[in-house]
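Dear colleague,

Please find it below, followed by an account of what was found in it.

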Amino acid sequence: MYIYTKYRFMKFLLPIFLLLSFSNIKAQADSTFIRYIYDLALENGEAYENLRSLCKDIGARVTGSAEAEMAVKWGEKLLKSYNFDKVYLQEIQVPHWERGTTEAAWIENEKGDILKLNILALGGSIGTNGLISGEVIEVKNVDALKLLNPNEIKDKIVFLSEAFNQKHINTFSAYGYCYPLRGDGANEASKLGAKAVVIRSLATPTDNHPHTGVTHFDKDVNKIPAAAMSTQNADMVSKWIKQGKVTLKMEMDCKVFPDVTSYNVIAEITGKDKKIITLGGHLDSWDVGEGAHDDGAGIVHSIEALRILKTLNYKPNHTIRCVLFMNEENGNFGGKSYAKLAKEANEEHICAIESDRGGFLPIGFDVVENTNHLELVKQYENLLFDYDLLKFKNGHGGVDIGPLKEYYPEMMQLGMAINSQEYFNYHHSEADVFEVVNKRELELGAAAMSTMVYLMDITLD
């Protein structure tokens, strides 16, 4: 009786033992493969050299420019050199805006003192059609601007002066609060009759580098000149205004041209089924600096992530598609077109991962709001702990992959999170050059991207 009972008990436990053994073997296999990914990225990585080439051989790549067209050719040639299963261009229509000649600006007080300002026109701004002049009125932010009477604003130059809140540990949070200065400030000031707008650059440090970026106008609103000044200049302008009347003079030569044809650049490793996992960053940048952190880093992260998987002879369950998106900065027509064309082609998209936060140390991944998706990612926390990927939370995926959610609301989306403390030292400024990117941190980012693609491929049905 005892032997029979013991046999029945062991028969009951055997499947559990086998399941646990299989689970342990599977976890060990995953751990070993991830180690291979990191070893390859850190010992024989190509991300840093690829970034050097993009920054130095091509340079800044504002949408519609000759350099943006060169970047498409650069990306296509590089992807083909890795012998991925497919490499192709996806035609899109994109905006074309040019800065023109170097901006000039200065302020003058009632005593005749002058101070030269470092400014950059905001993307989408019109030019000044020669030198313009106007009294400066300082307003903290767009919410405060909306409360003013048009008589207080008419024919004046509005200075939006809100600074980054230094108490925000994540600097992207501070950026989010200040973004309306750049995105909406000129539009709202024009409604009140302002002659022009200048904003304090959206940047963490106090320095003399102005930061550009796109500004938006409603269709029924007259466009006015809009520029950003350095944070150091912004502090001085505020100081002068407190002492009396200040006049600002500025000249900008920027122009908006008709839309042009450009391309998303795409490479694939074919999977066992037709379901698609997208990874990518944006190929365009602003026209100052070299677009190294924004988003050259994301471009080479994504290319390198796919290259690593191919080099390791990984055979994916799903098709893994690397997309070098065009036109994230001033329209997101690359992301919008990609999503629309995917739906028209009846593709099945189950996951998208984006890198657009610079080449800094990766610390984890944000998961677009979905509790089940977050739990799927968090099951790998222990596996990723040794690689300093520690932070997994609901958050932002990415501008380029965002439009996919309109057509595939149930899909998973992730954005690679980085140590953000230095990002806004460089963002959209002349300081964003290859030399400020740390080689090892860039390589760790590529390994993190490749690892997450692998984990999502083995996890998602």
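**The largest pocket**

Helix α6 provides the largest share of the lining of the largest pocket, namely six residues. Please note that this is a predicted model, in which local features need pLDDT of at least 70 and side-chain atom pairs count only at pLDDT 80 or more, while totals for chains, interfaces and linings use all residues. Residues are numbered from 1 along each chain as its sequence is written, and side-chain values use heavy atoms, with hydrogens and water left out.

Helices (H or I, at least four residues) and strands (E, at least two) are DSSP runs numbered from the N terminus. Volume is the space filled by probe spheres set on the points, with grid points joined across faces, edges and corners.

The largest pocket has a volume of about 640 Å³. It is lined by 29 residues, of which Tyr 175, Glu 328, Asp 356, His 396 and Val 399 are the closest to its centre. Both α6 (171-191) and α13 (423-426) supply at least two residues of this lining. By class, the lining of the largest pocket comprises seven nonpolar, 13 polar and nine charged residues.

**The cavity**

The count comes to one cavity of 30 Å³ or more. The largest cavity has a volume of about 40 Å³, and its lining includes Trp 286, Asp 294, His 428 and Asp 432. Two nonpolar, four polar and two charged residues make up that lining.

**The sheet**

Eight strands form an open sheet with mixed pairing, in the order β1-β10-β12-β11-β13-β16-β14-β15; two strands pair if DSSP finds at least two bridges between them. Because β1 (86-98) and β15 (391-394) stand at the edges with a single partner strand each, one side of each is left without a neighbour in the sheet. β1 pairs with β10 (residues 255-269) in the antiparallel sense over twelve bridges, and Glu 91 has Tyr 263 in β10 as its bridge partner.

**The annotated domain**

The unreviewed UniProt entry annotates residues 264-444 as "domain: Peptidase M28"; such annotations may be inferred rather than shown by experiment. Over residues 264-444 the chain is 33% helix and 25% strand.

Yours sincerely

Note on methods:
On a 1 Å grid over the protein atoms alone, a cavity is a set of points where a 1.4 Å probe fits but cannot get out, and a pocket is an open set with protein on both sides within 12 Å along at least five of seven lines; lining residues have an atom within 4 Å of a point. Ala, Val, Leu, Ile, Met, Phe, Trp, Tyr, Cys and Pro count as nonpolar, Asp, Glu, Lys and Arg as charged, and the others, Gly among them, as polar.
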